[in-house]
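Try each task before reading its solution.

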Amino acid sequence: MIILTTHTIKNIHIKKDIFQWDIYNWSKTLPIWEEIVQKVKPQKTVAFGEREGGLSLWLALQGINVICTDYNEFPEAIPLKLHVKHKAESFISYEKQDVTNTSYKNGEFDLVIFKSVIGALGNIEYQKNALTELYRILKPGGVLLFAENARATKMHQFARRKFTNWGERWYYPSHLEFKTLLQDFSKYELKSFGFFGTFGRTEKQRSFLGKIDTLIHPIIPNSWKYIKYGYAIK
């Protein structure tokens, strides 16, 4: 396996294996995440909600050992197949974990990461429980990397209810609620991206709309954007 930095992860096929969907827009997270990883140089890391194993792959491609976890048993070893494809499996172990109630000890990890996980918890109280748990298992000075679906506009909310099977079940935090979820951390940076991208019905459409989002990004309020990402330091 060739050890990669984010700056060399430009191949769209690798990005697709990391993010699976809406790749152009969600991959906006990579530069800030890489900068943090380079500073922290984590020794023990864990990724949550890893049914497909994409974030674990991203860490492994940088030569970082990671525990790849999901709430359910991994179906047909889907992430293992992905990790073997990239010859990254030696950096990755697998566990079943509940992000709101893990089996890990206090201060066990240098770095914790998740993408599109807490929305599935269904309400803000469960989301607060999850962030409290992730805070608990981080070492002092440890870092949480996150990317999550945000509430955005009424148009986004309508489209989710209309066109996704899980739209009614998920709870999408607002920009202010994200700040509340991160308030226990000593420092955090909360970034926002994307307005039109999520409305694309194909990956090609989402990529085209994402480029429009890049152009209008400076003039769109953060509360209108559907992706929240960044880092938080314990």
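**Exercise 1.** Find the ring that the charged end of lysine 234 sits over.

*Solution.* Apply the rule: NZ of Lys or CZ of Arg must be within 6 Å of the ring centre and within 35 degrees of the ring normal. The charged end of lysine 234 sits over the ring of tyrosine 135, 4.8 Å from its centre. Arginine 160 likewise lies over the face of tyrosine 172, at 3.8 Å from the ring centre. The model is predicted: local features need pLDDT of at least 70, side-chain atom pairs count only at pLDDT 80 or more, and totals for chains, interfaces and linings use all residues. Residues are numbered from 1 along each chain as its sequence is written, and side-chain values use heavy atoms, leaving out hydrogens and water.

**Exercise 2.** Count the aromatic pairs, then classify tyrosine 135 with phenylalanine 185.

*Solution.* Rings of Phe, Tyr and Trp (its six-membered ring) pair if their centres lie within 6.5 Å; planes under 30 degrees apart are stacked, over 60 edge-to-face, the rest tilted. The count is six aromatic pairs. For tyrosine 135 and phenylalanine 185, the centres are 5.1 Å apart and the planes at 80°, so this pair is edge-to-face.

**Exercise 3.** Classify the pair of phenylalanine 195 and tryptophan 224.

*Solution.* Their ring centres are 6.2 Å apart and the planes at 45°, so the pair is tilted. Phe195, Phe196 and Trp224 form one aromatic cluster.
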